[in-house]
Amino acid sequence: MQPKSYITTSWDDGNILDFRIAQMLAKHGLRGTFYIPREASTGVMSEAHVRELSQSFEIGAHTMRHVFLDTADDNVAQREIHDSKSWVENVTGKPSPMFCPPGGKFNAAHLGFIKSSGFAALRSVELLSIDAPRTKNGLVLIPTTLQAHPHGLAVYARNIAKRQAWRNLWMYVRHGHAVQWEKLAHNLLEAVRRQGGVFHLWGHSWEIEQAGQWERLENVLAFLGAVAKEIPCLTNGELCAASDQKLSPAPVAARSQSAA
């Protein structure tokens, strides 16, 4: 029997432009998780807007002040993680089991803080993965497939090397050969359709604006929406629940993790 296939999307930092992404997702019948800090240098939507967004989409925690955990001492890191869960739940009035560390930066100690704060899962920035969520130190770890950003080959290579994620290198060699992330998205989604797995698109709305990627994002979301008629599109939290019986150990080292 062919493994199940899923689509999921996630969006970081809580910029007001997230509403543009939310409208695009709704237009194409797609689900998404928005990881929002209370403060960030790139600008964060108001609490009223967070509450409004939570009516249609899942809201995950992203620390309080968009702190890169690998540069914070343990006390600060633990407080940023713990308080962000309380803040999201207070603002939305809903449970917040999902956490994403800014920049994807975390180490083994942070995994303990995340679990003790009551989170069930962590979304990383491991790229080029079509794997289902995995277990790591009692948490569910969610890798990603592609960032909505025009990365060069060097970024993908560094991302793979830091995690020793050689299967992801094989995914790029076999299904890549594309300079534009839009084309790579099509190739990797087709791989998920054929062999099962998870296609996970993520990004930052403010970065999409800066890099002029809205048209490409629209094209990719339209394609995802068409495929979502045959493959379920879930939030990150729903994905964890759906794949809970199919988890495998995570090949993630205890050292700091980041996108580049």
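**Notes on two loops and two helix pairs**

1. Let's start with H66, which lies in the loop between β3 (58-61) and α3. Helices (H or I, at least four residues) and strands (E, at least two) are DSSP runs, numbered from the N terminus. The phi of H66 is near 55°, a positive value in a residue other than glycine. That deserves a look, because most residues other than glycine have a negative phi. H66 is also buried, at a relative accessible area of 18%; buried means under 20%, exposed over 50%, and partly exposed in between, with a 1.4 Å probe and protein chains only.

2. A word on the basis: this is a predicted model, where local features need pLDDT of at least 70 and side-chain atom pairs count only at pLDDT 80 or more, while totals for chains, interfaces and linings use all residues. Residues are numbered from 1 along each chain as its sequence is written, and side-chain values use heavy atoms, with hydrogens and water left out.

3. N137 is another residue other than glycine with a positive phi, here near 50°. You will find N137 in the loop between β6 (134-136) and β7 (139-142), where its relative accessibility of 46% makes it partly exposed. Within strand β6 sits T135, partly exposed as well at 37% relative accessibility. T135 and A121 are 14 residues apart along the chain, and their C-alpha atoms are separated by 8.9 Å.

4. Now for the helices: two packed helices are described by the angle between their axes and the distance between the axes. Helix α3 (residues 74-92) and helix α4 (residues 108-116) pack at about 35° with their axes 9 Å apart. Axes here are lines fitted to C-alpha atoms, for helices over the stretch in contact, and angles run from 0 to 180 degrees between N-to-C directions. On the α3 side, D74, A77, Q78 and I81 meet H110, F113, I114 and S116 of α4, with contact taken as heavy atoms within 4.5 Å. By class, this α3/α4 contact has four nonpolar, three polar and one charged residues. Ala, Val, Leu, Ile, Met, Phe, Trp, Tyr, Cys and Pro count as nonpolar, Asp, Glu, Lys and Arg as charged, and the others, Gly among them, as polar.

5. The axes of α7 and helix α9 (residues 214-227) come within 10 Å and cross at roughly 15°. α7 is therefore roughly parallel to α9; that label covers angles under 35 degrees, with over 145 roughly antiparallel, 65 to 115 roughly perpendicular and the rest oblique. This crossing of α7 and α9 is right-handed too. From α7, W181, E182, A185, H186, L189, E190 and R193 meet R216, L217, N219, V220, F223, L224 and V227 in α9. The contact of α7 with α9 has eight nonpolar, two polar and four charged residues.

6. Do stop at L184, also in α7 (residues 181-195). L184 is buried, with a relative accessible area of 1%. Between L184 and T145 there are 9.9 Å in space, C-alpha to C-alpha, and 39 residues in sequence.

7. Finally, the chain as a whole. The protein chain has ten helices and ten strands, and 56% of its 260 residues count as buried. Among its contacts with a separation of 6 or more, 72% join residues 24 or more positions apart.

Key:
A crossing is left-handed if the near helix is turned anticlockwise from the far one by less than a right angle, and right-handed if clockwise.
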